Amino acid sequence: MTAATITQSTGAAHTRIMGVGAMRPERVVTNDEVCTWIDSSDQWIRERSGIATRRFARPEQTVVDLALPACQDALAMAGVSPSDIDAVVVSTVTWYLQTPSAAAVLAERLGATPAAAFDLSAACAGFCHGVGLASDMVRAGSARHVLVVGVEKLSDFTDLRDRKTAFLFGDGAGAVVVGPSDRPGIGPTLWGSDGAQADVISQTEPWTAMRSEDGRTISGDWPSLAMAGQTVFRWAVWQMAPVAQKAMDAAGVRASDLAAFIPHQANVRIIDAMVKQLGLPPDLPVARDIEHMGNTSAASVPLAMERMLSDGTAPHGGLALLIGFGAGLVYAAQVVELP
Ligand SMILES: CC(C)(COP(=O)(O)OP(=O)(O)OC[C@H]1O[C@@H](n2cnc3c(N)ncnc32)[C@H](O)[C@@H]1OP(=O)(O)O)[C@@H](O)C(=O)NCCC(=O)NCCS
């Protein structure tokens, strides 16, 4: 008897981002409001982080509520209907249920059922992980159109009394549709992790530590995100520019070929240091959406991409260098053609 061979799927030769959408919650939180919670000043926050405002979702709004309109806009721009989506990937660390995934709930609300749906936990690098994964899925033939959403409701997990983090984080969602293309529109993803530094950005207490002795009630402080700001800052400044450079090299693209640089929006001083280290042209449009949105973790890159395209700072069809980095520590970068 001859052994059966397994038929392999084959996908599209190339991929691209077909559309992008954004959701920015209505409530604008100013630095002056932040200074009613912590001992700080508008000037200090602007100078040390570049943040002027951030957005907070309403208490009852969930990660799925934020993701939905961003996805609908991305689908409309891509000209793809929800029923043509084969997979929904939600990059988030702030969905409030251990299970079911935000992606499964979102797929149903979008009308994308029975698309594959799962959440991806890669913190501030989550969106770039999702884009890399989606591109590989489309090229391998396990999906034709993939919806990738970066979404966070960090206001639920920020200790508003912690002066090291209370001014930093915000809420929002950004989504893209990744699909087949007649030319390469998404370059190779450069990604990696360094779990030896797991403690530099992490949840203050594991959920299990909040369990009372009776095993049924909850005690202790609500967990929030804690961060060794300076350690993260140095890691981002020194380790991430070489990763971005490798993503350009892997794509066969030079700095002069780029139409935009869209890094994770963690701190405007990190962004400026990366621009300098990469030797990017002085007139290259660089995302500085952090001024308006604060650090929205997985949502920051697609939110910044959407803003640059809608206000005309970056051209449709131009090449953009993306990089995300954060808790894990983890990172991912790639060059993409803007939708
Ligand atoms: C958080 C961050 C903005 C703090 O900036 P910094 O320049 O590193 O600030 P430091 O922690 O060194 O503190 C500097 C001084 O400001 C003070 N300070 C700290 N927080 C303050 C606040 N909210 N308001 C006013 N002063 C503050 C400190 O007490 C310290 O005072 P001292 O010099 O008298 O001791 C910066 O470290 C950062 O952006 N880190 C990376 C964040 C990041 O990328 N996080 C997510 C990764 S995805």
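This is a predicted model: local features need pLDDT of at least 70, side-chain atom pairs count only at pLDDT 80 or more; totals for chains, interfaces and linings use all residues.

Visitor: How many aromatic pairs does a search of the whole structure find?
Guide: Seven. Take Phe-157 and Trp-207: their ring centres are 6.3 Å apart and the planes sit at 75°, over the 60 degrees needed, so they count as edge-to-face.

Visitor: Where are those two in the chain?
Guide: Phe-157 is in the loop between strands E6 and E7, while Trp-207 is in the loop between E9 and E10, 50 residues apart.

Visitor: And is Phe-157 buried or exposed?
Guide: Phe-157 is buried, at 9% relative accessible area. Trp-207 is partly exposed, at 37%.

Visitor: What about Trp-235 and Phe-325, how far apart are their ring centres?
Guide: 6.2 Å, with the planes at 75°, so that pair is edge-to-face. Trp-235 belongs to helix H6 and Phe-325 to strand E12, so the pair ties together parts 90 residues apart in sequence. Both residues are buried.

Visitor: New topic: how many residues does the largest nonpolar core have?
Guide: It has 48, and Phe-325 is one of those with the most contacts inside it, along with Phe-261, Leu-321 and Ile-323. Helix H6 gives the largest share, 10 residues.

Visitor: Why does this core lie between domain 1 and domain 2?
Guide: Because both domain 1 (14–181) and domain 2 (190–337) give residues to it.

Visitor: What is Ile-323 in contact with?
Guide: Leaving aside neighbours within four places in sequence, its contacts include Met-240, Phe-261, Val-301 and Ala-332.

Notes
Residues are numbered from 1 along each chain as its sequence is written. Side-chain values use heavy atoms; hydrogens and water are left out. Rings of Phe, Tyr and Trp (its six-membered ring) pair if their centres lie within 6.5 Å; planes under 30 degrees apart count as stacked, over 60 as edge-to-face and the rest as tilted. Helices (H or I, at least four residues) and strands (E, at least two) are DSSP runs, numbered from the N terminus. Buried means under 20% relative accessible area, exposed over 50%, partly exposed in between (1.4 Å probe, protein chains only). A nonpolar core is a set of buried Ala, Val, Leu, Ile, Met, Phe, Trp, Tyr and Cys residues joined through side-chain atoms within 4.5 Å. Domain bounds come from an automatic or database domain assignment. Contact means heavy atoms within 4.5 Å.
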